[in-house]
Each structure stands twice: as C-alpha cells, then as structure tokens.
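Hi,

Here is the structure I promised to pass on.

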Amino acid sequence: MNTVRVVNSSRLWDNQLKSIYRPAQFARAYMLMLLVLLASVFTVLELLAHHQTVSGYFSNAQSIVRVQHETAAVSQLPKNLLPEQNNPSVFLLQKLATPLPPPPANCQVDACLALTFDDGPDAASSPIILTALEKAQVKATFFLIGSYVGPNVSIVQRMQADGDDIGNHSWTHPYFTKLTADQIQQQIDLTQAAITAAGVRAPVLLRPPYGAINQAIAARINMPIIMWNVDPKDWAQKDSNSIAQMVEAQAKPGAIIVMHDKLLTAMAINKIVTDLKSKYRLVTVSQLLNLDPASHGIYFGR
Ligand code: ZN
C-alpha cells in the first residue's frame with residue numbers, strides 16, 4: 001500500500017510538473033522574457049541616446065542659474081564699482097562739484113564791472129568766450145553786427161540762454177555820423193529783425209560803431225546808447241597775454257570795458273574772468289547801469 005501510494009504520488013507529481021512546464025508554456029515564458037530583455041535594452045539605449053540632450057538641458061539650466069546669480073551679484077556690488085555712466089554716486093559727485101550760481105549782484109554795494117564784446121557773433125571766437133563765461137559763471141554783453149547773425153543763430157541763442165545781454169551794433173558797421181537819419185534807422189531796424197528772427201528777444205541796448213555818435217543822433221534813437229570808460233585796445237595788442245594785462249590794469253568798479261569778439265581776445269578771456277572775478281562782480285550792462293526799458297541817453301559807465 002505504501003509502495004502504491006509512493007508510485008501514485010510520484011506520478012501525480014510528475015503529472016503536475018508536466019501540466020505546469022508544458023513546452024508551449026515554456027516557449028511563451030521564453031518569449032516573454034526575451035521581450036522584457038529587449039525592452040530593457042531599448043530603454044537603456046534610449047536613455048543613452050537622450051543622455052546628451054538631457055545633459056544639454058542641465059547645462060542650459062545651469063547657465064541660466066549662473067547668469068542669474070552673476071546678475072544678482074553685480075547688482076549687489078558697491079555702487080562705485082559699477083560703470084561710471086550707470087553710477088548714481090558719480091552723477092551726484094559731479095553735481096556737487098558744480099558750484100551753485102552766485103547770488104545776484106547788487107551793484108549799489110558790490111564792486112561791479114561789465115565786460116562787453118563788439119563785432120560778433122563769430123563762429124570761431126564767440127564759443128570760446130561763451131565757454132569761459134559759463135565756466136566762471138559770470139555774465140557779459142555782446143554788441144552784435146546784424147548781418148553776422150544769420151549764419152550764427154545758435155551762438156546768439158546761446159548768449160541769451162546764458163543770461164548775457166545782447167545789444168545792437170548796426171547792420172554793416174558804418175559811422176553813424178556819416179549817415180542820414182533814415183539810414184541810421186535802417187541799420188538799427190535790420191539788426192533788430194535779424195536778432196528776433198533768431199528767436200532771441202529784441203535788443204534794448206545800442207552801441208554805435210566806433211563809438212561815433214553825437215547828441216543830435218542820440219536824441220533820435222529810442223534806446224540807451226552804451227559807450228565805455230575802459231578801452232584796453234585789444235585790437236592793437238600782439239598777443240592774448242597783453243590783452244589780459246591791459247584789461248586787468250585798467251579795470252575799476254563801475255567800468256564798462258570794450259573788447260572785441262575776435263580770436264586773440266577770446267584766448268585771453270579765461271585769464272581775464274578768472275582774475276577779475278576775485279575782485280569784481282562781472283555783470284551785464286543792464287545790471288551795471290540798472291537800466292529799464294524807459295532808459296535813454298549815452299552811458300559810459302556807472
Ligand atoms: Zn564795432
């Protein structure tokens with residue numbers, strides 16, 4: 001009984017094995033394993049193939065992060081390490097280094113004098129004179145020849161913008177004493193028109209060419225006539241140092257100093273304004289004489 005049972009149980013086991021591991025089932029299992037293996041291989045290959053792209057994504061992302069970090073780091077630098085044009089502290093220092101304009105002169109008590117420049121505007125010399133005046137923060141008076149205004153409009157506008165006085169010095173620089181009343185008026189009117197056409201206020205001062213005037217002519221001119229009481233004869237000097245020496249030697253409170261808008265004079269102006277500024281308030285003729293629109297007559301100084 002025992003043997004039969006063993007045989008029976010052995011056959012049973014064998015039958016069970018056969019039922020489990022039938023060749024068809026083995027084949028299916030092998031196919032499945034092969035598919036899994038192939039899928040794994042493909043997956044690995046695909047991962048390898050994408051590795052560069054993935055690395056690229058990572059490196060791109062790292063670059064973006066690095067740039068963001070560097071930008072943040074730059075914005076946190078002390079301001080004085082930034083480029084000058086972007087640096088608010090440099091702008092502020094420049095502003096602080098520019099002196100405030102001086103308070104208005106009171107020529108009743110201050111030692112005032114007026115520098116005047118005839119025969120401009122001149123493309124070469126006017127800008128040099130204007131730059132020197134602007135740098136020193138002082139004012140002057142320009143008596144313009146009307147026929148020179150058209151080609152130099154921006155210079156005339158700059159004179160007005162600077163607060164300088166602009167006066168009439170005739171249209172073609174003739175001796176008024178040799179002209180008729182109508183011719184004189186035409187010389188004055190043409191020049192007024194040229195200056196206002198430049199977008200500048202009509203002059204309220206007149207200086208006759210060569211200072212050639214008399215009471216009869218003056219009585220017909222409806223503007224104050226501005227002569228001078230200091231003449232360094234800049235037109236006769238050989239060099240700019242001589243011009244500066246002559247001006248400084250003759251300067252005095254209340255002076256109207258006549259000079260010319262010419263290159264040699266222009267080269268002397270930096271020195272003249274720097275030296276005179278320490279002793280005088282350099283003002284316009286209108287300020288020096290306290291002129292108003294109703295003022296008439298001939299003025300030589302204060
Ligand atoms: Zn002149």
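**What turned up**

Lys 271 has a relative accessibility of 39%, so this residue counts as partly exposed (buried is under 20% relative accessible area, exposed over 50%, and partly exposed in between, with a 1.4 Å probe and protein chains only). Before going on, a word on the basis: this is a predicted model, where local features need pLDDT of at least 70 and side-chain atom pairs count only at pLDDT 80 or more, while totals for chains, interfaces and linings use all residues. Residues are numbered from 1 along each chain as its sequence is written, and side-chain values use heavy atoms, with hydrogens and water left out.

**Salt bridges**

Lys 271 has a partner: it forms a salt bridge with Asp 275, with 2.8 Å between the closest N and O atoms. A salt bridge here is a side-chain nitrogen of Lys or Arg within 4 Å of a carboxyl oxygen of Asp or Glu. The two residues are four apart in helix α9, so about one helical turn separates them. (Helices, H or I with at least four residues, and strands, E with at least two, are DSSP runs numbered from the N terminus.) Asp 275 is partly exposed as well, at 25% relative accessibility.

In the whole structure the search finds five salt bridges. Another of them joins Asp 110 and Arg 281, whose closest N and O atoms are 3.8 Å apart. This pair links distant parts of the chain, 171 residues apart: Asp 110 is in the loop between α3 (88–97) and β1, and Arg 281 is in strand β6 (residues 281–282). Asp 110 is partly exposed, with a relative accessible area of 27%, and Arg 281 is partly exposed at 25% relative accessibility.

The side chains of Arg 207 and Asp 118 also meet in a salt bridge, at 2.8 Å from N to O. Arg 207 sits in the loop between α6 and α7 and Asp 118 in strand β1, so the pair ties together parts 89 residues apart in sequence. Both Arg 207 and Asp 118 are buried.

**The zinc site**

The zinc ion has Asp 119 (OD), His 169 (NE2) and His 173 (NE2) as its protein donors, lying 2.1 Å from it. Donors are N, O and S atoms within 2.8 Å of the metal (3.2 Å for Na, K and Ca); water is not among the atoms, so sites may look incomplete. The spacing of the donor residues in sequence is D-x49-H-x3-H. His 169 and His 173 are buried.

**The core**

The largest nonpolar core has 37 residues, and those touching the most other members are Leu 113, Leu 115, Phe 142, Ile 257, Ile 272 and Leu 276. Such a core is a set of buried Ala, Val, Leu, Ile, Met, Phe, Trp, Tyr and Cys residues joined through side-chain atoms within 4.5 Å. Helix α9 gives the largest share of this core, six residues.

**Around Pro 203**

Pro 203 is in the loop between α6 and α7 (215–220), and at 5% relative accessibility this proline counts as buried. Leaving out residues up to four places away in sequence, Pro 203 touches Ile 166, Gly 167, Asn 168, Gln 192, Ile 195 and Met 223, where contact means heavy atoms within 4.5 Å. Pro 203 and Met 223 are 20 residues apart in sequence and 9.0 Å apart in space, C-alpha to C-alpha.

Best wishes
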